[in-house]
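Subject: Structure for you to look at

Hello,

Here is the structure I said I would pass on. Please open it alongside this message, as the notes below refer to it.

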Amino acid sequence: QALEAFKKHLLAQRVQIEEANAQDKADAEVAVKAGKLSSALYKRLDVSGSKFDTLLKGIDEIIHLPDPIGQVTYANQVSEGLDLYRLTCPIGVLLIIFEARPDAAVQIASLALKSGNALLLKGGKEAQRSNAALVAAMAAALKDVGLPTDCIQGVDTRTEVSELLKQDKYIDLVIPRGSNELVRSIKDASRIPVLGHADGICAVYVDEKADLDKAVKVVVDSKTNYCAACNSMETLLVHQKVAESFLPKLSAELSSKDDVSYKADEMCLPHLPKDISEAAQEVDFDTEFLCHTMAVKAVSSVDEAVEHINSHSSGHTDAIVTEDMAVAETFLRRIDSAGVYHNCSTRFADGFRYGFGAEVGISTNRIHARGPVGLEGLVIHKYRLYGQGHTAGDFGGQSPKRRFIHKPIDGVSNAEEIPQAKAAKTA
């Protein structure tokens with residue numbers, strides 16, 4: 001109901017939201033020209049037109065997803081009359097800090113509502129009007145369905161954020177979405193667990209057995225579909241046997257794009273346009289360009305490609321283009337990233353494209369939530385144990401009074417199907 005109301009208010013207030021967004025973009029454009037704002041952040045500001053339509057589709061998808069709360073993921077008869085259930089439940093209070101991207105506020109709020117979490121939203125000052133208009137629509141939706149309007153709140157100033165990062169007693173998880181500097185500063189300052197990623201250094205490897213036309217399509221999309229995104233390609237690795245034939249085909253396809261440039265090693269440099277190419281430095285393979293610049297390197301084998309990526313990648317998303325299934329499986333198995341792809345663009349690393357409806361962000365953390373984080377990443381577990389006066393002492397000693405059975409309990413998929421919960425309803 002809350003999500004339906006949210007969509008209704010977004011539609012009703014679309015004109016006001018897009019007007020607020022237009023003002024933010026106008027100010028941001030001035031800031032970019034003055035050198036006070038990066039072009040990458042400016043590109044992420046837009047929440048009008050087709051971007052707005054995509055937001056609404058995302059809410060629809062989330063509405064139709066199964067309820068993630070109260071799902072029984074483990075049911076075990078520990079002993080006679082002693083039953084154990086593991087259920088999903090909300091994390092609690094989430095603090096989301098994001099730069100630009102007002103669409104992130106909608107995605108995250110929708111997932112928070114569906115998963116039963118309370119939410120504090122801190123957007124960048126460059127999107128202040130857009131964020132305020134969106135939060136107003138959220139508050140109206142919450143009021144419509146009788147939920148407290150303050151279970152989703154906006155946070156305005158940097159000072160408030162610095163104080164919030166100390167409130168580990170009241171806030172359960174921080175999710176930053178933005179630049180490396182933003183994420184690292186939050187990780188350094190926070191007493192609260194942080195879920196996210198600092199860099200989006202994604203690579204595509206074009207193997208010697210690649211279909212080169214297919215490889216051109218994958219590389220062009222990975223780099224130019226939306227170059228300011230964290231899932232865009234930054235590094236291109238090419239097998240040395242196909243570098244001479246592949247790189248001219250790629251550069252010809254990219255010739256119509258604005259501001260394309262290459263930082264290439266000595267084997268690749270002769271096969272790229274001289275006027276927009278330069279010799280690569282080692283630091284280029286550790287750089288998130290967020291524009292149409294790419295680092296290009298020739299490798300002698302899939303082994304060298306894997307070694308390079310595992311040494312330089314941020315663990316986000318990496319892809320291989322090849323018709324050799326054995327080589328593809330080697331790559332997918334050995335690359336240590338949250339997403340590993342075969343013959344498709346890195347731009348698919350996205351909660352909406354994965355069918356999650358939306359995402360709160362992409363995690364490269366080595367914890368339960370890795371890659372695009374949707375509903376399943378916003379729930380944790382609690383254990384219910386139903387007994388009849390059982391004590392641990394009954395199971396110990398030379399002649400225990402009770403014995404462990406540890407027998408699966410079938411037919412219980414959610415909290416309402418737990419026999420004891422059913423009995424409580426009819427009591």
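Please keep in mind that the model is predicted.

Helix H12

Helix H12 covers residues 325-334, and Val327, Ala328, Thr330 and Phe331 are buried in it. These buried residues fall within an arc of 160° when seen down the axis of H12, so they line one face of the helix.

The four-stranded sheet

There is an open sheet of 4 strands, paired in parallel, in the order S5-S4-S3-S6. Strand S5 (152-154) and strand S6 (173-177) are at the edges with a single partner strand each, so one side of each has no neighbour in the sheet. From one strand to the next, the twist averages 20°. Strand S3 (residues 93-98) pairs with strand S4 (residues 118-123) over 6 bridges. Within that pairing, Ile96 has Leu121 of S4 as its bridge partner.

Salt bridges

The whole structure has 19 salt bridges. In one of them, Asp53 meets Arg14 at 2.9 Å, N to O. Asp53 belongs to helix H4 (residues 50-63) and Arg14 to helix H2 (residues 14-33), so the pair ties together parts 39 residues apart in sequence. Asp53 is partly exposed, at 33% relative accessibility.

Another joins Lys25 and Asp46, with the closest N and O atoms 2.9 Å apart. Lys25 is in helix H2 and Asp46 in the loop between helix H3 (39-43) and H4, so this pair ties together parts 21 residues apart in sequence. Asp46 is partly exposed, its relative accessible area being 21%.

A further salt bridge is formed by the side chains of Glu359 and Arg177 (3.6 Å, N to O). This pair links distant parts of the chain, 182 residues apart: Glu359 is in the loop between helix H13 (351-354) and strand S14 (361-363), and Arg177 is in strand S6. Glu359 is buried, with a relative accessible area of 4%, and Arg177 is buried as well, at 10% relative accessibility.

Regards

Technical notes
Residues are numbered from 1 along each chain as its sequence is written. This is a predicted model: local features need pLDDT of at least 70, side-chain atom pairs count only at pLDDT 80 or more; totals for chains, interfaces and linings use all residues. Side-chain values use heavy atoms; hydrogens and water are left out. Buried means under 20% relative accessible area, exposed over 50%, partly exposed in between (1.4 Å probe, protein chains only). Helices (H or I, at least four residues) and strands (E, at least two) are DSSP runs, numbered from the N terminus. The arc is that of the directions from the helix axis to the C-beta atoms. Two strands pair if DSSP finds at least two bridges between them. Axes are lines fitted to C-alpha atoms, for helices over the stretch in contact, and angles run from 0 to 180 degrees between N-to-C directions. A salt bridge is a side-chain nitrogen of Lys or Arg within 4 Å of a carboxyl oxygen of Asp or Glu.
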